[in-house]
Amino acid sequence: MDSRRETPETLRNKCAACFRQYNRMEHLVEHMKVSYHSVHEPKCSVCKKHCRSFESLREHLIGPLPKVECARVFSVRGCSICLNIFDSNTAVRYHRAACQYSRAAPMPRGGISGRAVALACKMVGGGSDGSVDLCARVCLIGEDENIIFQTYVKPTAPVTNYRYEVTGIRPKYLMDAMPLKLVQRRIQGILCNGEPLWKLRPRSSGRARILVGHGLDHDLEGLELEYPAFMIRDTANYPPLMKTSKLSNSLKYLTQAYLGYVMPFLSFFCDLPFIFLINLTQYDIQTGIQDLYEDSVAAMRLYIRMRSQAYSRDYASGSGEVQNNYPAWRQRELERMSPEKLLALSASDYYCWCLDS
């Protein structure tokens, strides 16, 4: 945060979202043109500062150099999983029991519940050095975490590395595996749900299903499938779940950080320093041989948590559609606006998943 002495002029030129200060109003307007602030950004419940991602909000609250007042309040009344702040310490304890997930147990096959399905794939290696990814197993689950479709897939090229330490796949498992073409038809049928692919449109209320996963570009490439980008919810590329450097987080880290396990941190904001234990149960995945069911459940839980964020259901500000809300011909008018009015004009540069609910 800028440590300059706040004057009436710099306060007037202070961004209402990220609190950056500017000497001139035109500089604030230029900032708003490229910052894409909106009501769909993670926000500190104490100072109301907007953060680009939950990782940035976590650093603001419990990072190495947190905002002192916000960290003091959060250490007493904050949930380190969802990063929300509650009315009392008692409310936090009751909330945390519901907020924290545990490892998923495989569920039997069943009907499809909800509009979203989560996909995960295992890849074996092909090519002379085993570096070519070939899809060898696939798992598809519904919102209720029931398995919809799961099978071994017959690779389309000779396998030179089964990557057993990660995949757990042996040659005998693929001898009578389902051909890739049949797997494609099955998955395409589940996703489209009787609706032609070419008819799918954004904001449509059709029967086609939302596809959830982590690194779905890689999985769909391995399956040789295409699906419209506006129907895909990828936890690897969703800006609020990315690092402050705008790189992707691993599914393992996202599961630990946002579904149920947070490292203890030292609290310096009470009379005596003490270790503030958030919770003692670790929700960990990918600890050995990859479990496709666990991976797809983790991606689905992350999607549902992000979809359930209590943002304004304002499509215009959260659709991610290209908009020019600060045209040059309105420059003089924009410079006369308050920072709050400038923020009201701003819109996100990505589609917010809360609009799916």
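Is E224 buried, partly exposed or exposed? I looked this up and found E224 to be partly exposed, with a relative accessible area of 49%. Here buried means under 20% relative accessible area, exposed means over 50%, and partly exposed lies in between, with a 1.4 Å probe and protein chains only.

**Entry 1. Conventions**

I noted that this is a predicted model, in which local features need pLDDT of at least 70 and side-chain atom pairs count only at pLDDT 80 or more, while totals for chains, interfaces and linings use all residues. Residues are numbered from 1 along each chain as its sequence is written, and side-chain values use heavy atoms, with hydrogens and water left out.

**Entry 2. The chain as a whole**

I looked up the confidence, given as pLDDT (the predictor's confidence in each residue, from 0 to 100). The mean pLDDT of the protein chain is 87, and 89% of the residues reach 70 or more. Over residues 262-280, however, the pLDDT is below 50. Beyond near neighbours in sequence, that stretch has 36 contacts in the model, where contact means heavy atoms within 4.5 Å. I reminded myself that where pLDDT is low, the predicted coordinates should not be read in detail.

I then recorded the secondary structure of the protein chain, which comes to 13 helices and nine strands. Helices (H or I, at least four residues) and strands (E, at least two) are DSSP runs, numbered from the N terminus. Of the 357 residues of the protein chain, 50% count as buried. Among contacts between residues at least 6 apart in sequence, 60% join residues at least 24 apart. The accessible surface of the protein chain comes to about 18,000 Å², and 54% of that surface belongs to carbon and sulfur atoms; such areas come from the Shrake-Rupley method with a 1.4 Å probe, and for residues only the protein chains shown count as cover.

**Entry 3. Helices α3 and α4**

At what angle do α3 and α4 pack? I found an angle of about 90° between helix α3 (residues 54-62) and helix α4 (residues 68-77), with their axes 7 Å apart. Axes are lines fitted to C-alpha atoms, for helices over the stretch in contact, and angles run from 0 to 180 degrees between N-to-C directions. The two helices, α3 and α4, are therefore roughly perpendicular to each other. The cut-offs are under 35 degrees for roughly parallel, over 145 for roughly antiparallel, 65 to 115 for roughly perpendicular, and oblique for the rest.

I listed the residues where they meet: H60, L61 and I62 in α3, and C70, A71 and F74 in α4. The residues of this contact divide into five nonpolar, one polar and no charged. Ala, Val, Leu, Ile, Met, Phe, Trp, Tyr, Cys and Pro count as nonpolar, Asp, Glu, Lys and Arg as charged, and the others, Gly among them, as polar.

I also checked burial in α3. Seven of its nine residues are buried, so α3 is largely enclosed by the rest of the structure. The buried residues are F54, E55, L57, R58, H60, L61 and I62.

I looked up V29, which is found in helix α2 and counts as buried at 0% relative accessibility. V29 and E335 are 306 residues apart in sequence, yet 6.8 Å apart in space, C-alpha to C-alpha. Leaving aside neighbours within four places in sequence, V29 is in contact with Q331, L334, E335 and L342.

K14 lies in the loop between α1 (8-12) and α2 (25-35). K14 is buried, with a relative accessible area of 17%. K14 and P339 are 325 residues apart in sequence and 6.7 Å apart in space, C-alpha to C-alpha.

Which residues does R307 touch? I placed R307 in helix α10 (residues 292-307), and it is buried, with a relative accessible area of 15%. Not counting residues up to four places away in sequence, R307 touches E143, R313, W353, C354, D356 and S357.

**Entry 4. Two loop residues with positive phi**

I returned to E224, in the loop between α8 and β7 (232-234). Phi of E224 is near 55°, a positive value in a residue other than glycine. Phi of K246 is near 70°, likewise positive in a residue other than glycine. K246 is in the loop between β7 and α9 (251-259) and counts as exposed, at 63% relative accessibility.
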